[in-house]
Amino acid sequence: MAETDNCVRVTRASQKRVAAAAMADDQPANKKRVVLGELPNVQNVVGSAAQKRRAKSQKSNSKPKKRSKLSVASTIKTVVVEDSEPKLSVDEILDDPEMMGPYSSDIYAYLRKMEAEPKRRPIPNYIEKIQADISANMRGVLVDWMVEVAEEYKLCSDTLYLSISYIDRFLSMNILSRQRLQLLGVSSMLIASKYEEITPPHVEDFCYITDNTYRREEVVKMEADILKSLNFEMGNPTVKTFLRRFTNIAQEDFKTPNLQLEFLGQYLAELSLLDYNFVKFLPSLIAASVAYLAKFIIRPKLHPWSQNLQQYTGYKPADLRQCVILLHDLYMARRGGSLIAVREKYKLHRFKCVAMMPSPPEIPFSYFEEA
């Protein structure tokens, strides 16, 4: 009897497969099932189309093939990764509600409101007002080292930006000794990794990357202190959040998508993380300044701003002047010249060697007038 039941089940199963195959022939060819493993990682507001690609790559590349100990004081070569994430295609941009469509204006209005909330903003002068043992230069050295850590563990750029946001917000409320500044850095990156990454590094990985300067218990304790200080408000828009859209709008003058403009924007944005003077600016203003300066460097004889950029960013050229000049000084190595991790990273061919692009020494004053 059992054998009969098995035969019946097998026969029914085969019949279902035949029927399913017949139905599949009648279905449109562009239909595709999405399995759970292919779903994009959740962003702080809306996931980007680029996360769909990153979900596949990070599953197999979540940890470096060869780990090396890094210290803040040492000079380490940037890890070279052969492949680079390609630019979003037109179809992917249209599929991304952050970029186009009826939702984009509401989303960015919400993000602009969120970025200005006091609970998500550091105090602009927290080093002078709160800290007694930490200087702006120490902060720059820490951020420069964290760029190397993010490269070592192949973390997405959103993780890096969030990490530094947590550091600035924590230091705006808590006095910290210089001996614990690196501990704050790795604990902030641990939290940001859990928030952004598909497979974040373990606590032990962050202990190892500091040459075991800190024990596991110390990192976990600092992680708890950060979460309590920030009242578990971990999702806030960063420069990268706004830069995605502003870069695509800045492409309007180019006949084809310009990867050089995109990589140059990423480079300028990461340079801004190094300088304490950018803490006072809103992330959207820095992102708009990045788009402005990137266009100026690529086409210095043309006015870098346009009516479309002014409309979608909400900033006039005059609003950007102070931030753009600071950013240009960073690019020309007049500021932060000793911090080399970001500069070495963007000298690589996978980033079109944008760190070595020439730029005029000064920006014409007329370019800060309305286009």
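Begin by selecting helix α7, where 14 of the 15 residues are buried, so the helix is largely enclosed by the rest of the structure; buried means under 20% relative accessible area, while exposed means over 50% and partly exposed lies in between, with a 1.4 Å probe and protein chains only. This is a predicted model, in which local features need pLDDT of at least 70 and side-chain atom pairs count only at pLDDT 80 or more, whereas totals for chains, interfaces and linings use all residues. Residues are numbered from 1 along each chain as its sequence is written, and side-chain values use heavy atoms, with hydrogens and water left out.

Helix α7 covers residues 157-171 and reaches 22 Å from its first C-alpha to its last, close to the 21 Å expected at 1.5 Å a residue, where the expected span is 1.5 Å times one less than the number of residues. Helices here are DSSP runs (H or I, at least four residues), numbered from the N terminus.

Within α7, select Thr-159, which is buried with a relative accessible area of 0%. Not counting residues up to four places away in sequence, Thr-159 touches Met-189, Ala-192, Ser-193, Glu-196 and Glu-197, a contact being heavy atoms within 4.5 Å.

Next, select Val-186 in helix α8, residues 181-196. Val-186 is buried too, with a relative accessible area of 2%, and beyond its neighbours within four places in sequence it is in contact with Trp-145, Phe-206, Ile-209 and Thr-210. The C-alpha atoms of Val-186 and Phe-206 are separated by 6.1 Å, although these residues are 20 apart along the chain.

Now turn to the largest cavity: which residues lie nearest its centre? Select Arg-121, Ser-165, Asp-168, Val-239 and Pro-283, which are among the 23 residues of its lining. A cavity is a set of points, on a 1 Å grid over the protein atoms alone, where a 1.4 Å probe fits but cannot get out, and lining residues have an atom within 4 Å of a point. Helix α7 gives the most to this lining, with five residues.

Finally, colour the chain by pLDDT, the predictor's confidence in each residue from 0 to 100. The chain averages 79, and 72% of the residues score at least 70, but pLDDT stays under 50 over residues 21-69 and is also below 50 over residues 73-95. Where pLDDT is low, the predicted coordinates should not be read in detail.

Notes: Helix = DSSP H or I, 4+ residues; strand = E, 2+ residues; numbered from the N terminus. 1 Å grid on protein atoms, 1.4 Å probe; cavity = no way out; pocket = protein on both sides within 12 Å on 5 of 7 lines; lining within 4 Å.
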